[in-house]
Amino acid sequence: MAINYELRAMNYYKRKMPVRRRGSRRRRTTERRVKILCMCVFGVSLCFLIVSILLNFNLIRRFPGRLDLERICKTDIPESNWRYIIIHHSATDCGNAADFDRYHRKVRGWKYGLAYHFVIGNGHGSADGEIEVGERWRKQIHGAHTANMDYNRIAIGICIVGNLEEEMITTRQFDSLCQIVLYLSKRYNIPLSNLIMHNQVIQKKGTLCPGKNFPYDDLISKLSA
């Protein structure tokens with residue numbers, strides 16, 4: 001009787017216990033892995049989509065890569081003794097070094113063309129933040145960017161493309177300006193007190209250049225940090 005009772009009990013618990021099938025377990029594991037993989041792929045795709053949208057709307061503003069200023073500022077002849085850096089704006093919505101060079105040669109009648117040594121683009125005519133080098137720099141010729149020839153002989157002229165009387169300098173322009181000014185000031189031992197705006201130059205006729213929106217204080221603050 002005791003044996004029969006134990007057998008019945010064993011049969012009862014066997015019926016209650018779930019039957020484990022190896023095939024179904026493998027299938028469930030595979031399905032789970034496929035779901036995880038699909039979710040990962042979807043997540044990565046979604047991230048790329050969001051980043052692309054933000055970049056298109058210019059909501060992500062990254063610092064440009066470190067500029068190769070040794071290459072950019074390379075000259076064809078021995079360098080002049082530069083003592084000042086003067087900042088200008090083009091007072092135009094667009095343009096580039098070639099446009100300004102053509103204007104200065106044909107309209108102003110200047111033999112050496114482009115009045116500035118460097119031009120920093122705003123994305124309309126050249127790339128946003130791109131630094132273009134003029135022939136005056138490569139040949140170490142004095143500038144024609146102020147009405148005071150005493151300054152032109154010893155001052156590096158940098159032009160920001162744009163009308164900063166009405167618009168703001170772009171982030172990339174400002175970053176490029178900071179980099180090249182820092183490089184030039186160290187290279188020629190130019191103190192920050194000699195980093196000036198065109199409207200600070202003593203000349204017969206006053207000017208608004210480089211515009212009321214030029215962030216001079218921010219520039220000095222960043223270079224001083």
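Which elements do the buried residues of α8 pack against? They pack against α7 and β5 (195-197). Welcome to this structure, which is a predicted model. The points below start with that helix, move on to the nonpolar core and the aromatic rings, and finish with the salt bridges.

**Helix α8 and its buried side**
- Tyr216, Leu219 and Leu223 are the buried residues of α8.
- Those residues lie on the same side of α8, because the arc they cover around the axis is only 60°.
- In general, an α-helix has 3.6 residues a turn, so residues three or four places apart point the same way.

**The largest nonpolar core**
- The largest nonpolar core holds 31 residues, and the ones that touch the most other members are Phe118, Ile156, Ile158 and Leu184.
- Several elements give two or more residues to this core: α3 (69-72), β1 (84-89), β2 (118-120), β3 (131-133), β4 (155-160), α7, β5 and α8.
- Helix α7 gives the most to this core, with seven residues.
- As a general background point, nonpolar side chains in soluble globular proteins tend to be buried together.

**A closer look at Phe118**
- Phe118 is buried, and its relative accessible area is 0%.
- Leaving aside residues up to four places away in sequence, Phe118 touches a list of residues that includes Ile72, Cys73, Ile131, Val133, Trp137, Ile156, Ile158, Ile180 and Leu184.
- Glu132, Gly157 and Cys159 are also among the residues that Phe118 touches.

**Aromatic pairs**
- The whole structure has four aromatic pairs.
- One of them joins Tyr84 and Tyr151 edge-to-face, with 5.2 Å centre to centre and 70° between the planes.
- This pair links distant parts of the chain, as Tyr84 sits in strand β1 and Tyr151 in helix α6, 67 residues apart.
- Both partners count as buried: Tyr84 has 18% relative accessibility, and Tyr151 has a relative accessible area of 16%.
- Phe118 and Trp137 form a tilted pair, 5.0 Å centre to centre with 45° between the planes.
- Here too, distant parts of the chain are linked: Phe118 belongs to strand β2 and Trp137 to helix α5 (residues 135-138), 19 residues apart.
- Trp137 counts as buried, at 0% relative accessibility.
- Ring pairs also build a cluster, made up of Trp82, Phe118, Trp137 and Tyr188.

**Salt bridges**
- A search of the whole structure finds eight salt bridges.
- Asp175 and Lys222 form one of them, with their closest N and O atoms 3.5 Å apart.
- That bridge links distant parts of the chain, with Asp175 in helix α7 (residues 171-187) and Lys222 in helix α8 (residues 216-224), 47 residues apart.
- Asp175 is buried at 5% relative accessibility, whereas Lys222 is partly exposed with a relative accessible area of 38%.
- Shared partners join the salt bridges of Glu135, Arg138 and Lys139 into one network.
- Arg153 and Asp150 also meet in a salt bridge, at 3.4 Å from N to O.
- About one helical turn separates Arg153 from Asp150, because they are three residues apart in helix α6 (residues 149-154).
- Asp150 counts as exposed, at 54% relative accessibility.
- Another salt bridge pairs Arg71 with Asp68, whose closest N and O atoms are 3.5 Å apart.
- Arg71 is exposed at 57% relative accessibility, while Asp68 is partly exposed with a relative accessible area of 41%.

Notes: Residues numbered from 1 in each chain as written. Predicted model: local features only at pLDDT ≥ 70, side-chain atom pairs only at ≥ 80, totals over all residues. Heavy atoms only, no water. Salt bridge = Lys/Arg side-chain N within 4 Å of Asp/Glu carboxyl O. Buried < 20%, exposed > 50% of the residue type's maximum accessible area, 1.4 Å probe, protein only. Helix = DSSP H or I, 4+ residues; strand = E, 2+ residues; numbered from the N terminus. Arc of directions from axis to C-beta. Contact = heavy atoms within 4.5 Å. Core = buried A, V, L, I, M, F, W, Y, C linked by side-chain atoms within 4.5 Å. Phe/Tyr/Trp six-rings, centres within 6.5 Å; stacked < 30°, edge-to-face > 60°.
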